[in-house]
Every structure is written in structure tokens, then in C-alpha cells.
Amino acid sequence: MATEKTLLRALKGEVLEVPPIWMMRQAGRYLPEYRATRAKAGDFLSLCYTPDLAAEVTLQPIRRYGFDAAILFADILLVPQALGADLWFVTGEGPRLSTITAAADFEALKPADAIHETLAPVYETVRILARELPAETTLIGFAGAPWTVATYMIAGRGTPAQEPAHALREANPALFDALIARITEATIEYLSAQIEAGAEVVKLFDSWAGSLTGAAFDKYAVEPARAITAALKARHPQVPVIGFPRGAGEKYAGFARTTGVDCVALDQAVDATWAAAHVQIDGCVQGNLAPEHMVTGGAALVAETRRIVEAFSGGPHIFNLGHGITPDADPENVALMVETVRSTRRG
Ligand SMILES: Cc1c2[nH]c(c1CCC(=O)O)Cc1[nH]c(c(CCC(=O)O)c1C)Cc1[nH]c(c(CCC(=O)O)c1C)Cc1[nH]c(c(C)c1CCC(=O)O)C2
């Protein structure tokens with residue numbers, strides 16, 4: 001019998017001699033082969049919706065580095081688009097969407113189960129990857145968490161402190177809660193379809209969880225993650241869920257327990273020793289290396305990589321960055337990180 005994949009073993013709580021490793025945004029502009037395929041697709045959204053090309057860019061970092069996991073190439077903003085929002089990307093600036101500011105904007109959205117028509121090419125990408133990935137590589141599907149997706153749907157773009165979303169949740173909680181509920185339902189549909197197409201693990205990206213404080217964190221970061229995880233576990237009990245409440249700070253402690261996720265992804269603002277004591281006690285953790293090291297490299301990269309591997313060596317750990325790798329990163333530094341992780345003795 002083939003041995004179980006390392007990423008799945010870590011997610012089940014096994015403490016491995018060498019932590020499995022992958023990288024957020026591992027298919028991205030820092031790689032020349034990504035830039036070439038993206039040019040062939042024409043633009044970013046065409047790349048997301050062309051299964052052969054989306055599968056190709058997903059495979060590129062696996063070929064180059066032998067990562068233990070591949071993450072489906074898509075974007076968290078495809079769900080709003082599938083719900084009927086307009087979506088486009090402005091080069092050098094980022095995403096733009098039609099906005100949701102009044103009840104009429106919300107009422108124009110499609111029901112959650114109508115998303116599959118738009119998202120069918122993404123499921124096809126997953127099917128291609130399930131066939132083509134090496135036998136030892138785990139396929140991760142993903143979606144944005146409801147709060148983060150809502151911040152883009154309300155403001156129509158990325159915002160430094162998510163002010164428009166906070167303003168709407170205070171001014172019109174009924175509308176805001178209805179939007180969160182619609183995204184939650186769509187996310188359950190979307191992730192279930194990815195699992196049925198072959199995703200072995202799913203990850204929820206709550207990139208802006210850090211701007212939710214107090215009871216709002218529980219209501220809009222914890223509760224939707226709990227609801228999505230519970231619904232997925234009911235349909236697909238064997239599929240692990242990774243939660244990424246980026247910027248949660250001390251609220252990382254207990255997040256796995258309150259939401260039911262199998263693994264918590266840590267950003268680089270969290271101290272590894274603190275996280276080992278307060279987050280890893282509940283199960284697997286992932287992440288923590290500052291993405292800047294992929295730009296600067298050298299002895300600091302090696303030292304920090306080793307420090308993180310050692311800090312988490314007493315429990316289940318998946319090595320990763322604390323956030324996505326940036327376009328100015330040097331592919332050689334990624335190779336150095338992988339080599340360092342795989343040659344550092346734990347414990
Ligand atoms: C907030 C968010 C988005 N998208 C995503 C998030 C949450 C994670 C995070 O906090 O980074 C998630 C995402 N985006 C992308 C993936 C693919 C999988 C991966 O490699 O991790 C994933 C998981 C591809 C992408 N998504 C995007 C790119 C760059 C597009 C390009 O090729 O020009 C990639 C590779 C575009 C994107 N998409 C989004 C923004 C704000 C941007 C523009 C910023 C930028 O240009 O980097 C929305």
C-alpha cells in the first residue's frame with residue numbers, strides 16, 4: 001500500500017521528522033514560467049477560467065520545487081462574480097467589482113446554487129490536477145472566507161482597513177448579515193464541488209479577519225468558518241479544512257476549537273514560540289515565515305526558517321509563508337527555503 005501523503009498526515013496530527021512544505025501564491029509572477037503562461041492566456045481572469053492553463057500554472061511550482069502540496073489556481077473573487085457581481089482587474093492596482101451598498105444591489109445577486117455555471121471551469125481545473133499531480137502531492141482547494149469576500153463586494157476593491165464593510169455592518173446589519181449568509185452558502189457549495197472534483201484539503205482565506213475585533217470577530221470570522229466547516233464535514237467527513245484568520249493575533253488561540261478546522265494558518269505577525277504553546281496545542285499549524293525573506297534571502301532566511309521549524313517541532317506543522325509570496329521574490333530564495341526545511345533536524 002502506498003504511504004499516505006505527508007500533508008494529509010500532518011493535518012491528521014502526526015508529528016513528522018520533516019514538515020511538509022508549500023507556499024501561498026506559489027504559482028505567481030515571481031516565476032518566469034507563470035508570466036509566460038499568463039501572457040498566453042491574455043489576462044488574469046482568462047487564466048483562471050481556462051482549465052488547461054490554470055492547471056499548467058498550478059503544476060509549475062511543483063515541478064520546480066517538489067512542494068508537498070499544490071493549490072488550485074483561481075481567485076477568491078470568482079465567487080462574487082459567480083453570484084452576479086461584475087469583476088475586473090486593473091493592471092498594477094488590483095481587483096475592481098460592482099458594489100453592494102443598498103438592498104437592491106443584494107437582491108440582484110443570484111442564489112448560492114446558481115454559482116456552478118460560472119465556476120464549472122474551476123472544477124475542470126481540479127479534475128485535471130487530480131489526474132496529473134505526482135502521487136505524493138496533495139491537492140488543496142480554496143475559497144475566501146465570507147467576511148473577506150464581503151469586504152471586496154461592498155467596497156468594490158481592496159481597502160486598507162475595510163472601512164466600507166465596517167460602515168455597512170453598523171448602518172444596515174440586516175443587509176450585511178444577509179450578504180454574509182449568501183456568501184457562506186455559496187462557499188459551502190463551491191468547496192463541496194471542488195472536493196467532488198478531487199480536492200483533498202480545502203483552505204478558507206480570511207485575509208482581513210484582523211480588522212474584526214471583540215464580538216464582531218466571533219460573529220463574522222469564527223461563526224462563518226464554523227458553519228462552513230460543519231457543512232463540509234457533514235458531506236465530506238474525511239476532508240481536512242485549513243482556516244486562515246490572517247491578523248487574528250491572540251485570537252488565533254482557540255480558533256481551531258471554536259470553528260472545528262483541522263489546521264490554523266499563521267501570519268508572520270504571530271510569534272512562533274507563542275503559537276506553539278497557544279495554537280498548536282489544538283492541532284496542526286501552518287505558516288509563519290515572513291514573505292520578505294523570499295526577496296532578501298541569505299543567512300537571515302536560513303536562520304528564520306530553522307527557527308520556525310524548531311519552534312513547531314513538538315507538534316504537527318506544515319511549513320509555509322505567513323502570507324503570499326510577492327512578485328519581486330527571487331526563485332533562488334524559494335529553493336534555499338525548501339532545502340533548509342528539508343535539512344533541518346526537528347527537536
Ligand atoms: C485577498 C485575496 C485575493 N485573492 C486571494 C486572496 C486571499 C489571500 C491573500 O490574502 O493573498 C487568494 C488567491 N489568489 C490567487 C490564489 C491562487 C493560489 C495560490 O497560489 O495561493 C489564491 C489562493 C491567485 C492570484 N490572484 C491574483 C494574482 C496576481 C494576478 C496576476 O497574475 O497579475 C494571483 C497569482 C490577483 C489578486 N487577487 C486578489 C487581489 C487583491 C489581487 C491583486 C493583488 C496582486 O496583484 O497580487 C484577491
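The legends below describe close-up views of a predicted model. Residues are numbered from 1 along each chain as its sequence is written. Local features are given where pLDDT is at least 70 and side-chain atom pairs where it is 80 or more, whereas totals for chains, interfaces and linings use all residues.

**View 1. Shell around the ligand.**
The ligand is surrounded by 21 residues, where a residue is near a molecule if its C-beta atom, placed from the backbone, lies within 6 Å of it. F44, I76, G94, F205 and S207 are the closest of them. Helices (H or I, at least four residues) and strands (E, at least two) are DSSP runs, numbered from the N terminus. By class, the shell holds ten nonpolar, seven polar and four charged residues. Here Ala, Val, Leu, Ile, Met, Phe, Trp, Tyr, Cys and Pro count as nonpolar, Asp, Glu, Lys and Arg as charged, and the others, Gly among them, as polar.

**View 2. Positions annotated as "binding site".**
An unreviewed UniProt entry lists R25, Q26, A27, G28, R29, D75, Y152, S207 and H323 under this name. These positions span 299 residues of sequence and are also spread in space, with up to 22.8 Å between C-alpha atoms. UniProt positions follow the numbering used here, feature names are shortened, and annotations may be inferred rather than shown by experiment.

**View 3. A27 and G28 in a loop.**
A27 is located in the loop between α1 (6-11) and α2 (32-41), and G28 lies in the loop between α1 and α2 as well. A27 counts as buried because it has 25 C-beta neighbours inside 10 Å. G28 is buried because 20 other C-beta atoms lie within 10 Å. The scale is buried at 20 or more other C-beta atoms within 10 Å of a residue's own, exposed at 12 or fewer, and partly exposed in between, with C-beta atoms placed from the backbone. Leaving out residues up to four places away in sequence, A27 touches Y34, V57, T58, Q60, P61 and F73. With the same exclusion of residues up to four places away, G28 touches Y34, I325 and P327. Contact means that the C-beta atoms of two residues, placed from the backbone, lie within 7 Å.

**View 4. Segments of the annotated domain.**
In the unreviewed UniProt entry, "domain: Uroporphyrinogen decarboxylase (URO-D)" covers residues 20-29 and 140-156. Residues 20-29 are 0% helix and 0% strand, and their end C-alpha atoms are 23 Å apart. Residues 140-156 are 59% helix and 29% strand, with 27 Å between the end C-alpha atoms.

**View 5. The largest nonpolar core.**
This core has 111 residues, of which V79, I140 and V264 touch the most other members. A nonpolar core is a set of buried Ala, Val, Leu, Ile, Met, Phe, Trp, Tyr and Cys residues joined through C-beta atoms within 7 Å. Helix α10 (residues 173-197) supplies the largest share, nine residues. Beyond residues up to four places away in sequence, V264 touches G243, Y252, F255, A256, V279 and V285.

**View 6. The seven-stranded sheet.**
The strand order in this open sheet is β1-β4-β5-β6-β7-β8-β9, with parallel pairing. β1 (69-71) and β9 (317-318) are the edge strands, each pairing on one side only. Strands pair if DSSP finds at least two bridges between them. Strand β6 (residues 241-245) runs parallel to strand β7 (residues 263-266), and two bridges join them. C263 in β7 is the bridge partner of I242.

Strand β2 (residues 87-90) pairs with β3 in the antiparallel sense over four bridges. L87 has L97 in β3 as its bridge partner, and V90 has G94 in β3. Three residues separate the two strands of this hairpin, and G92 in the turn has a positive phi of about 80 degrees.

**View 7. Two non-glycine residues with positive phi.**
Q162, which is not a glycine, has a positive phi of about 60 degrees. Q162 sits in the loop between α8 (146-155) and α9 (163-171) and counts as buried, with 22 C-beta neighbours inside 10 Å. N288 is also a residue other than glycine, and its positive phi is near 100 degrees. N288 is in the loop between β8 (284-287) and α14 (293-296); with 24 C-beta neighbours inside 10 Å, N288 counts as buried.
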